[in-house]
Amino acid sequence: MSGGDSLANRTILATGGLGYIGSHVTLDLLNAGANVVVLDNFSNAKPAVRDRIKRLSNRDIALVRGDVRDRDALQRLFAEHDIEAVVHFAGLKAVGESVAKPGLYYDVNINGSNLLFQEMAAAGCRRVVFSSSATVYGDPETAPVREDAPTRGVNPYGRSKLMVEHILEDLAAADARWSAICLRYFNPTGAHESGQIGEDPLGVPNNLFPFIAQVATGRREKLVVFGGDYPTPDGTGVRDFIHVVDLSAGHLAALRKLFADDGAPLGYAPINLGAGVGYSVLEALAGWSRACGRDLPYEIGPRRPGDVASVYADASLAASMLGWRAARGLDEMCRDHWRWQSENPEGYPEE
Ligand code: NAD
Ligand code: UFG
C-alpha cells in the first residue's frame with residue numbers, strides 16, 4: 001500500500017470490475033489502498049478472477065452480483081456503500097455482435113449507463129471515469145488523433161459509446177457538480193505481469209492479440225491478416241496497442257484528478273489513452289514470435305469490412321492533464337500476454 005496516495009481509503013465502485021480491463025484496475029486500486037466495490041453480472045467474467053485479485057493484493061473487494069440496468073440493485077448498493085467515485089467498465093464490446101443485436105447493445109451500454117448516472121446523482125456522487133473507445137473517432141481523417149477530432153459512430157457499439165459520452169456532456173452542462181472523464185482507449189493488450197489475470201475471451205477471438213495468443217498455444221492453426229494492401233509501410237493495418245497495466249495506471253491517474261479537483265469539478269473531459277505509437281499487424285506478429293520463441297504461421301487474407309488503415313493516438317492531453325504516459329512497449333505487451341496465455345491456456349478455471 002503506498003502511503004499518502006490520494007486514493008487510499010477512498011471507496012470506489014467499479015462496474016464490470018471483474019472483466020479484462022476492470023480486473024487490472026481493481027487490483028491496482030486495492031494496492032493503492034482504496035476500497036473497491038464491484039458490480040458485475042458475470043456475463044463475461046468468472047468467479048476465479050476475484051480469487052486471483054485477492055491473492056495478488058492480499059485484500060478483497062465487496063462484490064455485488066447484479067446488473068447495471070437494475071435500478072433496485074443500484075439503489076441498494078449506493079445505500080450500503082458510501083461511494084465517492086465510479087469507474088464504469090460494465091458493457092458489451094463486440095462490434096460484430098452489436099450489428100446483429102443493436103437493441104441489446106443500446107440497452108446494456110446506453111440504458112445501463114444512464115440509469116447508473118441517475119442513481120449516482122441521487123446518491124450525491126458525481127465523479128465518474130467512463131470506458132470510452134477510440135471507436136468514437138470512426139474512420140479518422142488524420143493520425144495521430146486528438147480529442148478534438150470529429151466524432152462519429154460507425155456501428156451500434158460505437159454509437160452506444162458516443163451516446164454515453166453525450167449523456168455525460170449534457171449532465172455536466174446541466175449541473176456543474178459533475179466531473180466525468182471519458183477515457184478513449186485505443187487497443188488494449190497484454191496482461192498483468194504475474195500471469196495471473198488477463199483477457200479470457202469467449203469463443204473465437206475477434207481482436208488481434210487474443211487471436212495470436214491462441215495461435216501461439218496451438219489452439220488455432222494460423223493468423224489470417226485482414227488485408228495486406230493498406231496504404232501503410234508494410235500494407236497491413238496500423239494500431240496503437242497499449243499495455244493493459246499502463247491503461248490501468250491511466251485510470252488511477254484519472255481518479256486522482258477527480259479527487260484533486262474538490263470544489264472545482266472538471267465537467268466533461270474526453271481523454272485519449274494510447275501509447276501514441278502505431279504498430280502494424282505484421283510488427284505485432286513479429287513481437288509475438290520473439291515472445292514465444294518461434295515464428296508464428298500467418299497468411300494474408302482479404303480486408304475485414306469496416307476496418308480502417310491506421311489509427312493511433314495523440315496522447316499529449318493525458319500527459320499534461322493526468323501526468324500519465326504509457327511506459328511499456330510492444331515486446332512487454334507480447335511477453336506479458338504470452339505469459340498469461342501459456343500459464344492459462346484455457347483461460348480462468350470454471351468454479
Ligand atoms: P469485459 O467484457 O472483459 O468486461 C466487462 C465486464 O462487465 C465483465 O466482467 C462483464 O461480466 C460485466 N458486465 C457486462 N454487462 C454487464 C451488466 N449489464 N451489468 C453488470 N456487469 C456487466 O470487457 P473489457 O475489455 O474489460 O472492457 C471494459 C470496458 O472498456 C467496456 O465498456 C468496453 O466497451 C470498453 N473498451 C474496451 C476495449 C477493449 O479492447 N477491450 C476498447 C475500448 C473500450
Ligand atoms: N486483425 C487481423 N486478424 C485478426 C484480427 C485482427 O489482421 O484475426 C487486424 C485488424 O484488421 C486490425 C488490427 O488487427 O488491422 C487490430 O484489430 P482488432 O480487432 O484487434 O482491433 P480494432 O482496432 O479493429 O478494434 C478495436 C476494438 C474495438 C474498437 C476499435 C476502434 O477492439 O472495440 O478498436 O477503436 F471499436
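Predicted model: local features only at pLDDT ≥ 70, side-chain atom pairs only at ≥ 80, totals over all residues.
Residues are numbered from 1 along each chain as its sequence is written, chains are lettered from A and ligands numbered from 1 in the order in which they are written, and side-chain values use heavy atoms, with hydrogens and water left out.

Let's stay with H1 for a moment. Helices here are DSSP runs of H or I with at least four residues, strands are E runs with at least two, and both are numbered from the N terminus. H1 covers residues 20-31, twelve residues, and spans 17 Å from first C-alpha to last, close to the 16 Å expected at 1.5 Å a residue; that expectation is 1.5 Å times one less than the number of residues.

Is H1 mostly covered or mostly open? Mostly covered: ten of its twelve residues are buried, meaning under 20% relative accessible area with a 1.4 Å probe, protein chains only (over 50% is exposed, in between is partly exposed). Among the buried ones are Tyr20, His24 and Leu30. Their cover includes strands E1 (11-15) and E2 (35-40), and helices H2 (48-57) and H8 (244-260).

The axes of H1 and H8 come within 9 Å and cross at roughly 60°; axes are lines fitted to C-alpha atoms, for helices over the stretch in contact, and angles run from 0 to 180 degrees between N-to-C directions. The two helices are therefore oblique to each other, the class left over once under 35 degrees is roughly parallel, over 145 roughly antiparallel and 65 to 115 roughly perpendicular. As for who meets whom, residues including Tyr20 and Leu29 in H1 meet residues including Val244 and Leu255 in H8, with contact meaning heavy atoms within 4.5 Å.

Now the sheet. Seven strands form an open, parallel sheet in the order E3-E2-E1-E4-E5-E6-E11, and a pair requires at least two DSSP bridges. At the edges sit E3 (62-65) and E11 (267-273), each pairing on one side only. Inside, three bridges join E4 (residues 85-88) to E5 (residues 127-133), and His88 has Phe130 in E5 as its bridge partner.

Finally, helix H5 (residues 102-122) lies across E1, E4 and E5, at about 175° to E4. Helix H6 (residues 156-174) touches E5, E6 and E11, its direction making about 155° with that of E5.
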